[in-house]
Amino acid sequence: MSSKSDSSFLQFKNVKKSYDQKTLVVKDFNLDVKKGEFVTLLGPSGSGKTTVLMMLAGFESITSGDITIQGESIKRTAPYRRNIGMVFQSYALFPHLTVSENLGYPLSVRKLDKSDIKAKVGNYLKLIELEAFGDRYPGQLSGGQRQRVALARALIYEPRLVLMDEPLGALDKKLREQMQFEISHLHHRLGFTVIYVTHDQTEALTMSSRIAVFNNGVVQQCAPPDDLYERPSNAFVAGFIGENNFISGNVSAHKKKTVSVAVPGGRKIVAQNADVGSGEKNCIISIRPEKIFIQPTAHAYDNEITAKFVARYYVGDFIRYNFRLADRTEITVKVLNDLAAPEFSEDEDAKLVWLTKDCFAFRKERQ
Amino acid sequence: MAQKPIILSAEETVSARRELFRRKFMAFAFVSPLLLFLLFAFVAPISTMLYRSFYNPTVAVLIPQTIAAMKTWEGKSVPGTDVTAVFAAELKQLAKKRLSGQLAEALNRVRPGLSSIVKSTARKMRRAEDADLKEKGTELLMEANGVWAEKSTWRAVARAGKVYTVDNFLTALDLETNESGSIQRREATQIYVALYTKTLRIALIITVLSLLLGYPLAYYLANAPSKLANALMLMVLLPFWTSLLVRTTSWIALLQTNGVVNSTLIWSGLIDTPLELLYTQFSTVIAMTHILLPFMILPLYSVMKGIDPSYMRAALSMGSKPVPAFIRIYLPMSLPGLSAGALLVFIISVGYYITPALVGGTDGQMISNIIAFHMQQSNNWELAAALGTLLLILIVALYWTYDRLVGAGNIKLG
């Protein structure tokens with residue numbers, strides 16, 4: 001965290017939410033967002049991320065805790081006084097108003113001059129490259145165009161905060177990637193603060209300054225994308241973000257930052273300790289498929305295990321190998337599709353190797 | 001860019017055509033039962049009604065020779081013997097066949113008061129000999145009643161003898177033709193225009209009331225959790241499954257002098273003497289609102305159900321206050337349901353018959369009740385048809401106005 005004034009632009013303090021007065025949907029949520037940051041709330045459906053967004057927008061009440069923007073609590077502020085822009089998954093473009101009228105709506109609500117509204121709407125139409133579409137109705141636009149209009153409408157009145165609730169969920173893959181780029185581009189250019197909700201991790205990883213991974217109403221880890229991917233703090237994050245291999249084993253020795261683990265097949269593996277307590281005997285080791293190498297290799301390595309070959313899949317830019325350990329744990333390995341990709345016959349033994357800095361030991365209780 | 005023409009072989013063309021024909025035939029087969037039903041139960045009776053409203057053959061059939069003889073009469077004086085003698089002879093024939101009553105009734109409609117005169121004259125003609133009638137029919141007629149010496153009587157006969165007439169429409173609009181043949185307001189009782197106005201007013205009040213009651217409920221239903229919404233919907237639909245008569249009579253039980261409402265009010269000390277609630281316009285309005293409310297709620301609900309709650313949220317997040325956001329965003333989106341419901345309730349209540357007949361008394365009668373009266377009691381089917389036709393024209397005109405103002409394409413029933 002940098003200076004105090006920066007970090008306290010938007011703060012969630014011990015926010016809890018319950019719909020039925022029995023179970024908590026959001027349990028003790030804390031988050032500090034800096035001005036201009038792009039923070040993504042990532043999690044499986046039902047993890048409470050949309051509820052957090054709705055509490056921030058003012059459409060759901062806060063059961064306990066507080067949300068502050070620039071130091072002021074917005075708990076009792078009506079949604080229309082919060083000055084927060086919002087992009088909905090369904091876009092929520094008013095079907096009976098034209099694109100220009102849609103864009104002008106938040107401005108006319110703010111009682112701007114007609115000529116000012118016209119100028120500003122023109123600017124934003126240009127910004128989203130839809131100058132010729134001002135007189136069309138949302139129904140006459142394609143999905144990507146609607147998305148851009150929805151985005152422009154949430155930005156046009158320069159709100160202090162922009163919320164996006166799975167805004168790209170309804171688009172096809174290609175369009176989604178293009179829109180990710182456009183949103184990032186606009187974010188860099190205009191410098192607004194974004195709280196973005198998604199269940200798509202690629203989207204989160206490519207766009208965010210920081211990602212808060214949600215599960216069961218709790219933030220599992222909140223960190224920049226590379227940290228989240230390279231140094232997951234618990235087994236859920238390791239499994240949720242990207243692909244991962246999990247091997248369970250017994251802790252044989254605790255060191256300062258690493259643990260030695262005995263895994264099936266009799267080998268000892270040294271892994272970085274993520275959250276294994278000093279007294280715990282069982283743990284899970286995670287290692288990413290692209291961090292594993294197959295012997296013989298020129299790469300340096302600290303750990304080695306033997307596994308039986310199961311299958312080899314040709315994916316295109318890489319080749320995916322499936323191996324099996326003695327206790328039938330499946331291990332996936334990704335190898336770049338070059339001349340070095342080896343061939344195996346069924347049940348042939350292979351030696352898999354990796355570095356200690358790439359593998360992590362977690363507590364056994366995987367959610 | 002010019003497209004390369006698609007060339008089909010003769011065989012392919014034939015099979016494509018056959019396929020098209022088969023599809024058209026299937027489509028027709030699916031709708032034909034409904035089409036046939038509509039033709040027999042809707043189009044045919046309505047066309048008959050329209051026709052009857054200006055087709056009036058009674059007199060022309062009863063006294064054909066008189067009417068034929070009167071063709072050359074210009075109406076400036078009492079017609080000559082060629083007409084009057086024939087009329088006297090035909091009256092005798094009618095009296096013999098006991099049909100003079102029909103003629104009396106038909107003529108009475110054109111000129112009130114003629115009924116008894118025609119009947120008594122017919123009786124007198126019956127007693128006369130055929131030869132006498134041929135010789136001095138005119139004198140006998142004049143002797144029988146002085147009215148036959150007036151040219152206005154004969155004008156009335158001529159009017160009644162017209163097979164095609166707009167008289168019924170004039171009556172239905174409280175108009176009449178005077179001596180000189182121009183149209184003026186009827187001097188006798190004027191009831192129909194007032195009745196149409198009252199009908200429209202009652203229908204409008206019912207529409208507004210059911211809108212006020214139905215809109216918030218439909219909004220709540222559309223946004224409530226489905227379990228609660230289904231239970232409430234059942235309560236909305238329940239009246240549909242109850243007989244109309246039961247629902248109407250229950251209002252009688254509630255509103256009558258010693259009914260539930262009055263007893264409660266007296267018991268609570270709010271009033272001393274029971275209020276006149278039943279057999280008033282008030283009871284018609286309240287009972288019909290109750291009965292027609294589902295017609296308002298159902299289209300509203302189905303349209304509101306389709307409105308994503310994020311529209312209102314979007315409007316609020318952009319800084320619009322709830323009421324302006326509702327007016328600018330939600331209301332226009334619910335307009336298709338609103339107009340469908342309003343139009344449905346209005347049109348149904350304009351032509352409603354049974355409820356005003358049972359609870360309306362004299363004050364709460366609507367145009368349909370008068371139409372029914374002319375069909376069942378006064379036996380004036382032509383006038384009933386004219387009144388019905390006017391009602392139809394009125395509704396079509398209203399629909400047209402609505403289409404011009406709002407656009408009928410906006411209506412959404414489900």
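Student: At what angle do helix H10 (residues 192–223) of chain B and helix H16 (residues 322–350) of chain B pack?
Tutor: This is a predicted model, where local features need pLDDT of at least 70, side-chain atom pairs count only at pLDDT 80 or more, and totals for chains, interfaces and linings use all residues. Residues are numbered from 1 along each chain as its sequence is written, chains are lettered from A and ligands numbered from 1 in the order written, and side-chain values use heavy atoms, without hydrogens and water. Helices (H or I, at least four residues) and strands (E, at least two) are DSSP runs numbered from the N terminus, and axes are lines fitted to C-alpha atoms, for helices over the stretch in contact, with angles from 0 to 180 degrees between N-to-C directions. The axes of H10(B) and H16(B) are 9 Å apart, and the angle is about 135°.

Student: Which word describes how H10(B) lies to H16(B)?
Tutor: Angles under 35 degrees count as roughly parallel, over 145 as roughly antiparallel, 65 to 115 as roughly perpendicular and the rest as oblique. The angle here is about 135°. That makes H10(B) to H16(B) oblique.

Student: How many charged residues are in the contact of H10(B) with H16(B)?
Tutor: Contact means heavy atoms within 4.5 Å. Ala, Val, Leu, Ile, Met, Phe, Trp, Tyr, Cys and Pro count as nonpolar, Asp, Glu, Lys and Arg as charged, and the others, Gly among them, as polar. The residues divide into 15 nonpolar, 6 polar and no charged.

Student: Is H4(B) roughly parallel or roughly perpendicular to H7(B)?
Tutor: Helix H4 (residues 81–96) of chain B packs on helix H7 (residues 130–144) of chain B with axes 8 Å apart. Their angle is about 110°. That makes the two helices roughly perpendicular.

Student: How many nonpolar residues does the contact of H4(B) with H7(B) have?
Tutor: Phe87(B) and Leu91(B) are among the residues of H4(B) there, and Leu133(B) and Met142(B) among those of H7(B). By class, 4 are polar and 2 charged, and the nonpolar ones number 8.

Student: At roughly what angle do helix H5 (residues 143–155) of chain A and helix H6 (residues 173–190) of chain A cross?
Tutor: Their axes come within 11 Å. H5(A) is roughly parallel to H6(A). The crossing angle is roughly 20°.

Student: What is the area buried between chain A and chain B?
Tutor: In this interface, 23 residues of chain A are in contact with 18 residues of chain B. Buried area is the accessible area (1.4 Å probe) that two parts lose on being put together, summed over both. Carbon and sulfur atoms give 67% of a total of about 1800 Å².

Student: How many salt bridges does the rule find across the interface of chain A and chain B?
Tutor: A salt bridge is a side-chain nitrogen of Lys or Arg within 4 Å of a carboxyl oxygen of Asp or Glu. Over all chains the count comes to 22. Across this interface it is 0.

Student: How many residues apart in sequence are the parts that Arg210(A) and Glu37(A) tie together?
Tutor: Their side chains meet in a salt bridge at 2.7 Å, N to O. Arg210(A) lies in strand E9 (residues 210–215) of chain A, and Glu37(A) in the loop between strand E2 (26–33) and strand E3 (38–42) of chain A, so the pair ties together parts whose separation in sequence is 173 residues.

Student: Which residue does a cis peptide bond join to Gln295(A)?
Tutor: Most peptide bonds are trans. In this cis bond, omega is about -5°. The partner of Gln295(A) is Pro296(A).
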